[in-house]
Amino acid sequence: MKSAIRLLLIIACITIVNPLSAYVVEGTDAIYLAGRTDITVPPASEPWFFLLRHAGPTPEEAMETHPDFVPVIGGSIIQAVAPATGGVDFYNGFGLNYFPPGGNGVDGSNLWPLDGISGYIGPQGPLAGVFLDDTIPDTGPAPAAMDFTPGGLGTNFSVLTPALGQVFYIGDGFNSVPEAQHFIAPAGATRLFLGIPDGFGFYNEPGAYDDNDGFYEVDLDVSLEVTIDIKFCSDPNAFNCNKKGVLPVTIFGTADFFVEDIDFSSVQLCTEDLVFCTGAPRDWSFADRGTPSDAGAAQCALVEEPAMSGILVEMDYLNPDTYLDVDVAFEADEVQDMLGAFCSADKGTISEPLVITGTTMNGVTLFSVPVPNVGIDQLWKANK
Ligand SMILES: [Ca+2]
Ligand SMILES: [Ca+2]
Ligand SMILES: [Ca+2]
Ligand SMILES: [Ca+2]
């Protein structure tokens with residue numbers, strides 16, 4: 001029976017795949033229109049000086065388009081699932097000279113900033129990104145341009161940490177290893193816009209989008225590491241394999257990560273290898289119970305209770321930081337099934353580290369990293 005349950009749990013776990021999203025970036029998706037809901041693009045037949053246009057009609061008569069965004073959380077890791085594909089022709093005529101997502105050459109583009117969005121220095125016409133918060137980037141000064149030429153950062157980095165408003169090179173999203181490059185969202189970021197840096201000769205004022213045809217396409221995964229504490233304010237995390245009830249796990253919120261945004265139907269407690277998992281939590285409750293560094297604490301705050309002649313009473317919080325945390329309650333019998341051999345081992349046995357998986361409502365994958373620590377992510381067997 002137990003093995004049948006574990007088989008069912010394996011099947012349940014196979015269904016936790018990271019939500020992948022394919023994004024199409026048109027040649028007209030101007031990175032300098034990222035978040036610019038205040039800007040209306042005029043008809044292609046009219047001149048425009050916000051983003052420079054050709055003096056006369058182009059064969060394409062393409063109108064500049066506002067780029068799409070990917071929802072992100074400050075501190076989240078964005079990476080391509082596979083190398084970006086497609087091609088964009090930046091010149092008069094359709095499909096005559098497609099550049100790949102990596103753009104053209106190792107340098108040759110140096111664009112000026114526009115309002116709150118930075119300049120760009122690097123290969124010509126690559127797939128590019130810019131992180132923004134929820135505000136319109138309509139005021140400067142913009143942050144400094146990042147330099148993706150060989151004399152600067154180049155394009156072969158492993159990890160990139162742009163600031164809000166800084167245009168950055170994505171290219172095909174892979175370095176020469178080849179490994180998926182990690183783009184880390186800065187604090188405060190809520191959106192990653194994907195677009196194209198263009199200009200006449202790829203220099204100076206942004207523009208010249210009105211002859212761009214073609215598109216790039218990329219699958220992106222966005223993931224955020226979260227801090228957890230099984231049985232907040234308990235160390236060790238005693239667990240009785242014979243008891244019904246629930247096992248509470250606290251997930252800490254931060255200035256960037258709002259625990260109310262979690263899709264609780266997607267949350268599971270799993271073995272470190274993600275092979276065995278519980279189902280979704282039975283229930284959850286929000287409270288500012290502490291701060292991430294409180295994970296592993298043995299007890300909560302002790303407060304004198306005057307009505308009880310100054311006796312110290314343990315509270316249900318430790319160091320509140322104004323950011324809501326959430327306690328998710330997993331069914332104890334599902335935890336027992338997940339743990340397998342642990343529940344037939346001796347009292348005092350320590351389990352392997354357990355991890356949380358899940359997603360937010362807008363598709364950011366959440367994960368915790370094994371510590372391991374019997375006050376944080378391991379269980380201590382309390383029964384014989
Ligand atoms: Ca062009
Ligand atoms: Ca063209
Ligand atoms: Ca604990
Ligand atoms: Ca908190």
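A nonpolar core is a set of buried Ala, Val, Leu, Ile, Met, Phe, Trp, Tyr and Cys residues joined through C-beta atoms within 7 Å. The structure shown is a predicted model, in which local features need pLDDT of at least 70, side-chain atom pairs count only at pLDDT 80 or more, and totals for chains, interfaces and linings use all residues. Residues are numbered from 1 along each chain as its sequence is written, while chains are lettered from A and ligands numbered from 1 in the order in which they are written.

**View 1. The largest nonpolar core.** This core holds 82 residues, of which Ile 31, Val 72, Ala 128, Val 130, Val 249, Ile 251 and Ile 356 touch the most other members. A residue is buried if 20 or more other C-beta atoms, placed from the backbone, lie within 10 Å of its own; it is exposed if 12 or fewer do, and partly exposed in between. With five residues, strand S15 gives the most to this core. Because domain 1 (21-223) and domain 2 (226-381) both contribute residues, the core lies between them.

**View 2. The contact between the domains.** The protein chain is divided into domain 1 (21-223) and domain 2 (226-381), with bounds taken from an automatic or database domain assignment. The C-alpha centres of the two domains lie 41 Å apart. In this view, 12 residues of domain 1 are in contact with eight residues of domain 2 (C-beta atoms, placed from the backbone, within 7 Å). Strand S15 (residues 213-225) supplies three residues, the largest share of the side of domain 1 that touches domain 2. By class, that side has five nonpolar, six polar and one charged residues (nonpolar: Ala, Val, Leu, Ile, Met, Phe, Trp, Tyr, Cys and Pro; charged: Asp, Glu, Lys and Arg; polar: the others, Gly among them).

**View 3. The surroundings of Ala 128.** Leaving aside neighbours within four places in sequence, Ala 128 is in contact with nonpolar and other residues, including Ile 31, Tyr 120, Val 167, Phe 168 and Gly 195.

**View 4. An open sheet of four strands.** The strand order is S9-S7-S6-S14, with mixed pairing; strands (E, at least two residues) and helices (H or I, at least four) are DSSP runs numbered from the N terminus, and two strands pair if DSSP finds at least two bridges between them. Strands S9 (146-147) and S14 (203-204) stand at the edges with a single partner strand each, so one side of each is left without a neighbour in the sheet. Strand S7 (residues 120-124) pairs with S9 in the parallel sense over two bridges, and Tyr 120 stands opposite Met 146 in S9.

Key: Contact = placed C-beta atoms within 7 Å.
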